[in-house]
Amino acid sequence: MTELFGVPVALLLGQLLLGLVNGAFYAMLSLGLAVIFGLMDEVNFAHGAFFMMGAMFTWMGGQYFHLNFWWMLLLAPLLVGLVGMLVERLMLRRLRGMDPIYGLLLTFGLTLLIEGVFRSFYGVAGEPYSPPDLLGGTLDLGFMYLPLYYVFAMLASLLVCLGTWLLIERTKLGAYLRAGTENPSLVQAFGINFPLLVMLTFAFGSALAGLAGVLAAPIIQVSPLMGSNLIIVVFAIVVIGGMGSVMGAIVSGLALGVIEGLAKVFYSPISTTVVFILMAVVLTVRPAGLFGKEK
Amino acid sequence: MPRRPRIPVYMVWGLLLLAIAAPWLGLYPVLGMRMMCFALFACAFNLLAGYTGLISFGHAALFGGAGYITGLALTSWGWSTPAGILLGVLVALAIGLVMGVLAVRRYGIYFSMVTLALAQIVYFYCLQADFTGGEDGLQGIPRGTLFGLPLQSDRVMYYVVLVVFVASWWFMRRIVRSPFGQVLQAVSENEPRTISLGYRANRYKLGVFLLSAGFAGLAGALKSVVMGFETLTDVHWSTSGLVILMTLVGGLGTDLGPILGAVIITVLEEKMGTISRFLEQLTGIHWFATLNDSASMVNGAIFVLCVLLFRRGIVGALRERWGGAQVPAD
């Protein structure tokens with residue numbers, strides 16, 4: 001058994017695994033978007049820029065402050081979360097109650113601004129960032145050598161996804177969030193500081209993007225432009241999954257990573273667009289997305 | 001329905017006269033043509049976004065897609081200039097049909113996200129296809145002739161573009177004021193009610209999407225002929241953002257706003273080098289010189305300020321000042 005559908009099995013399995021790693025990143029990014037969207041009806045275009053900032057901060061921490069990966073794994077998401085908090089408090093809050101399209105336009109402008117600032121300092125060329133020594137080795141799977149770091153990144157992402165899901169579905173705080181999604185003013189009437197809840201949710205979603213950025217830093221080149229192309233893929237994934245659903249975000253993120261991997265094996269020119277094509281198909285069959293409910 | 005306050009008619013004629021005289025007043029014709037192409041693009045976007053409330057984030061695919069096809073027809077197939085431009089418009093219509101059919105099924109931000117994602121398919125296709133020249137772009141597009149007029153001359157080309165632009169602008173203005181346009185505005189104000197009055201809202205939305213796509217394609221095709229090259233920038237999502245910014249700065253849902261916005265943003269991009277050098281000399285901070293390389297940063301800042309403080313845009317604000325009924329912008 002060395003070939004399957006005319007493709008070497010080793011190649012197929014290898015791409016499947018890499019697809020799963022990518023999928024874990026997609027899942028984490030679309031999860032952050034879903035959490036924010038659920039509570040605020042706001043699509044955060046700057047999510048990709050936050051992802052980039054997470055990775056850039058990680059690189060900068062090592063470059064200027066000699067802080068290793070583990071420190072940055074903690075610090076970078078906090079910093080990005082703080083940025084998110086400021087964005088919500090100082091800008092997005094002023095747009096509450098207006099057409100959500102203004103939030104999208106604002107965060108789109110922010111993306112250009114943040115990317116431009118980083119570009120003016122670091123150019124467009126990527127900076128390499130090596131994984132921590134502890135995870136520098138590779139795993140011999142028989143059909144391929146998988147860097148240990150990939151395994152770590154994938155497991156960490158999945159853990160974070162699971163944790164977020166539990167947080168939202170199984171805790172009191174999550175119950176407030178879900179209630180806020182349904183009826184913000186009623187939640188406020190029960191004595192919960194809803195604006196604070198919104199701010200913290202936005203910060204949390206941004207921190208998730210930052211964390212994904214830290215985890216991605218040793219895998220892809222750290223560059224000011226790394227976030228913007230990715231975020232559009234994540235948008236498509238979110239449309240496929242259905243915007244309302246946290247589980248939808250996780251499942252479709254993983255699934256699309258794998259599908260992309262398969263596309264690379266069978267017909268590589270389509271691998272960059274397969275997500276968008278699938279989105280078109282899903283839209284014709286189920287306009288609300290696979291896990292979404294029509295409002 | 002309250003009467004919308006209008007920009008006085010003499011302003012329109014004044015602007016037209018200014019545009020006619022501009023090449024003799026020291027305006028570099030190529031810059032003028034660039035402005036008009038983007039102004040046409042912004043008007044096409046405004047037709048969809050300003051009056052129907054559908055904010056497309058994928059218009060670059062129509063603009064750049066048409067530009068590439070026109071470029072291909074003129075360089076490789078030896079087509080005449082008008083035929084090439086027509087083909088560009090047809091291709092934009094075809095892309096617009098696919099995008100529109102899928103996107104009008106969703107509302108608000110979903111619509112934006114869907115158009116954005118679909119436009120990425122066109123972007124990646126252009127990135128990989130052979131005829132587009134990938135990262136290098138399509139070079140050396142000949143301007144050719146139009147009904148015997150030599151388009152090589154910048155001034156002749158300028159007036160051709162002006163005629164096309166003014167005719168298109170006038171046509172779009174007619175569309176907005178036609179019964180069709182009134183239904184569109186009704187759809188954007190209250191879709192369920194419009195449907196219950198017997199209008200098939202989705203068909204109207206698709207119709208205006210196609211019109212917008214056609215004009216966006218015309219703008220893109222013209223631009224590739226004017227500039228003589230076509231690059232990936234024109235199909236990139238940042239161009240979709242740029243046209244939104246132009247319309248927003250000038251004023252969404254106004255006749256002249258998109259034109260004004262396009263002129264301002266184009267001039268700003270053109271003069272960014274001068275401005276950044278000036279700021280560097282003024283303050284002595286070398287960082288200002290880098291502004292030139294990242295015009296997107298400046299665009300982003302304008303975007304943010306516009307959305308936060310100036311949502312009606314310049315023409316919208318002027319209109320309000322000149323009295324008349326309140327224009328609902330939000």
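1. The radius of gyration used here is taken over C-alpha atoms, and the globule rule is 2.2 Å times the number of residues to the power 0.38. For the 330 residues of chain B, a compact globule would have a radius of gyration near 20 Å, and chain B agrees with its 20 Å. The C-alpha trace of chain B spans about 55 × 50 × 40 Å along its principal axes.

2. The model is predicted: local features need pLDDT of at least 70, side-chain atom pairs count only at pLDDT 80 or more, and totals for chains, interfaces and linings use all residues. Residues are numbered from 1 along each chain as its sequence is written, while chains are lettered from A and ligands numbered from 1 in the order in which they are written.

3. Chain B has 13 helices and two strands (DSSP runs numbered from the N terminus: H or I of at least four residues for helices, E of at least two for strands). Of its 330 residues, 49% count as buried, that is, with 20 or more other C-beta atoms within 10 Å of their own; 12 or fewer is exposed, in between is partly exposed, and C-beta atoms are placed from the backbone.

4. In chain B, the axes of α10 (residues 237–250) and α13 (residues 313–321) come within 3 Å and cross at roughly 15° (axes are lines fitted to C-alpha atoms, for helices over the stretch in contact, with angles from 0 to 180 degrees between N-to-C directions). α10(B) is therefore roughly parallel to α13(B), a label for angles under 35 degrees. B:Leu248, B:Val249 and B:Gly250 meet B:Gly313, B:Ile314 and B:Val315 there, in contact meaning C-beta atoms within 7 Å.

5. 36 residues of chain A are in contact with 35 residues of chain B. On the chain A side, α4 (101–122), α9 (226–241) and α11 (274–285) each supply at least two residues. α4(A) gives the most, with 16 residues.

6. The largest nonpolar core has 199 residues (buried Ala, Val, Leu, Ile, Met, Phe, Trp, Tyr and Cys joined through C-beta atoms within 7 Å). Among the members that touch the most others are A:Ala236, A:Met279 and B:Phe41. Leaving out residues up to four places away in sequence, B:Phe41 touches B:Phe63, B:Ala216, B:Ala219 and B:Val243.

7. A:His66 has a positive phi of about 55° although it is not a glycine. A:His66 lies in the loop between α2 (47–65) and α3 (69–90) of chain A. With 8 other C-beta atoms within 10 Å, A:His66 is exposed.

Key:
Two residues are in contact if their C-beta atoms, placed from the backbone, lie within 7 Å. Angles under 35 degrees count as roughly parallel, over 145 as roughly antiparallel, 65 to 115 as roughly perpendicular and the rest as oblique.
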